[in-house]
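Colleague: I am new to this structure and would like to learn how to read it. Could we look at it together?

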Amino acid sequence: MNAPELTEAEHLGLYLRATDTGDEWWRVTVADRPQTYRLEHGVQHAQGNGAVDIDLVVDAENLRAKLKKWHREGFVFEARGAVPEADALQRAAFMPDLQRAAAQRRAGAAAPGAGLGPGSNSNSGEARAATVRIGEVDVPCGAGGALVPRVNPAYLFSERFNDIVEDIVENKRVMLIGHTGAGKTSLIEQVAARAGHGVVRSNMNGQTTVGDFVGFWTVKGGETLWVDGVLPTAMREGLWLIVDEIDFAEPSILAALTAVLEPHGRLTLKEKGNEVVAPHPAFRLFGTANAVGAMSQFRHLYQGANLMNEAFLDRWRVYLLDYLSPAEETDVLVRTLAPHMTPTVAATLAAIAADCRAAFAREDLASAFSTRRLLDWAELMLRTGDPERAAGPAIYAKVSPEDATLIRGIIRHHIAPAE
Ligand SMILES: Nc1ncnc2c1ncn2[C@@H]1O[C@H](COP(=O)(O)OP(=O)(O)OP(=O)(O)O)[C@@H](O)[C@H]1O
Ligand SMILES: [Mg+2]
C-alpha cells in the first residue's frame, strides 16, 4: 500500500485483520466536508457485529498516515467496492439532512397537541395545561392527587433521560431494561412526581393474576359487581401504569397489554360483555425488565424471566438504562445524604461501585452492585462511621462468601484502614 500514488477516493473501503477476539476492521468513507474522511473502527466478534467504537474525521494527509500505519499493523484492504462513490455521497448527506429535519420538527413542536393531560387537547382558546421542564423537555402537568409519587429532591435527571421523557410526552410506550437498582422505576416516578401524574405499579413477578390486572366479578351484599383491574383503572383515570418485571408476566396478561400498546389502543373487557375501555389522554403505560432484549445475556441472573418475542418488543421504545456514571453517582450520594456526605467520601464510594460493576461485567462477581445498595451502604456508614461494619447488612449478607471476599478486597483497595 503506497498511499501517495493513489487518490484518496481510491482508498475508500474496508480494511481488515484477524485477531484473537475476532475480525478487527477500519472503514474509510468520505466525510461531509470536502477533503475529509471518516474513519470508523470496530471488532466483529463471533456473536455478531461489534459496535463502532472509534469514529473520527481526518484530512487527506492524516488518512495517508493512517493507511501506512494499518499496513504496518497487518490490515488488508478488503473491499474497494464496499462504499461506491454514490453511496458515499448519500451516506455523507444523511446526517446533515437528518439534523435539518430534526431542527424543523423541534421548531414546530412548540405547538400544542402532545396529548398529555386533560387540558392539552383544548381547542377553545382557553389556557393550555401548564408544563414543567424536566431536563430539556416540557412535560404537561397532570391532575395531581394521592397517587402522585413524592418528589425526591436528590434525584438526578441525567442528559441521557431526555429522549425517554420526550417519548412519555409523545405517548409512546416506554420499556426500561437494565440491572436491578439501575433506576428504571425511579425515573418514571420522578417524572410523574414533578409533573403531578398519579402512578400505579403492578409487579408481574409474584401473585398478579389476570383478574387483578384486568378485573373480575364479585358478589357483595347479594349483588354481583364488576371490579376493574389495575389496567382499566389506569386507562379510565389517566394514571401512569408501570408494569414491573414485565418479562415474568403470564400470557393472558400480555394479551391484554398488547391491545393497549398502540397510543390510542382500547381494551375490550371480554368478561364484562365486551365493554370497551378507551384510554384517558393522560394514561401512560410503562414496562420494566431486567433480562429482556439487549439484557438477555444476563438472563441467568434473573431466574424465571421469559424471553419476549420481537413483535411484542417492537410495540415499545425499549431503553437500556445503565447505572449512573461515577460522577453522577457521586452527585446523587452527596445530594441524597446531605448535609453529611462529603464529595470526597462520595467519590470514593462511587469508584468502589464502579469497580464492583466492572468485576461483575468480567464475571468475577456474580452479584450486581445497584445504586440502591450503594445509597443504603453509604447511609449506614454515616451512622456507624465504619464502612466495613456497614457493609455487613448492606452488602456482604446479600451475596455469596466469594463475592463478599472480592468486594471486601475492592473496598480495602480504595479505603485505608483507620489509624
Ligand atoms: N438518577 C438518580 N438520581 C438519584 N437517585 C437515583 C437515581 N437513579 C436511581 N436512584 C436511586 O437508586 C434506587 C434504585 O432505583 P430504582 O428503584 O429506580 O431501580 P430499578 O431499576 O427500578 O430496580 P429494580 O429492577 O430492582 O426494580 C432508588 O432508590 C433511587 O433513589
Ligand atoms: Mg424497579
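Modeller: Start with a term: a residue is called buried under 20% relative accessible area, exposed over 50%, and partly exposed in between. E262, with a relative accessible area of 44%, is therefore partly exposed. Keep in mind that this is a predicted model.

Colleague: Which residue does E262 meet in a salt bridge?

Modeller: The general idea is that side chains of opposite charge can pair when their charged atoms come close. Here the side chain of E262 meets that of R315, at 4.0 Å from N to O. E262 sits in the loop between helix 7 (251-259) and strand 13 (267-269), and R315 in the loop between helix 8 (310-313) and strand 16, so the pair ties together parts 53 residues apart in sequence. R315 is partly exposed, at 38% relative accessible area.

Colleague: How many salt bridges does a search of the whole structure find?

Modeller: The search finds 20. One of them joins D167 and R317, whose side chains meet at 2.6 Å from N to O.

Colleague: Is D167 buried or exposed?

Modeller: D167 is buried, because its relative accessible area is 4%.

Colleague: Which residues are linked with E40 in a network of salt bridges?

Modeller: The network links E40 with R27, R38 and D55. Within it, E40 forms a salt bridge with R27, and the closest N and O atoms are 3.2 Å apart. E40 is in strand 3 (residues 36-44) and R27 in strand 2 (residues 22-30), so the pair ties together parts that are 13 residues apart in sequence. E40 counts as buried at 4% relative accessibility, while R27 is partly exposed with a relative accessible area of 26%.

Colleague: What is 2.8 Å from a nitrogen atom of ligand 1?

Modeller: That is a polar backbone atom of L156. Side chains take part as well: an N or O atom in the side chain of R372 is 2.9 Å from an oxygen atom of the ligand. A backbone N or O atom of A182 lies 3.3 Å from an oxygen atom of ligand 1. Taken alone, ligand 1 exposes 630 Å², and the protein buries 83% of that.

Colleague: Where is A182 found?

Modeller: A182 is in the loop between strand 8 (174-177) and helix 4. A182 is buried, with a relative accessible area of 8%. The C-alpha atoms of A182 and L324 are separated by 7.4 Å, although the two residues are 142 residues apart along the chain.

Note on methods:
Residues are numbered from 1 along each chain as its sequence is written. Chains are lettered from A and ligands numbered from 1 in the order in which they are written. This is a predicted model: local features need pLDDT of at least 70, side-chain atom pairs count only at pLDDT 80 or more; totals for chains, interfaces and linings use all residues. Side-chain values use heavy atoms; hydrogens and water are left out. A polar contact is a pair of N or O atoms within 3.5 Å; within protein, one must be able to donate a hydrogen and the other to accept it, and residues adjacent in sequence count only if both atoms are side-chain atoms. Accessible areas come from the Shrake-Rupley method with a 1.4 Å probe; for residues, only the protein chains shown count as cover. Helices (H or I, at least four residues) and strands (E, at least two) are DSSP runs, numbered from the N terminus. Buried means under 20% relative accessible area, exposed over 50%, partly exposed in between (1.4 Å probe, protein chains only).
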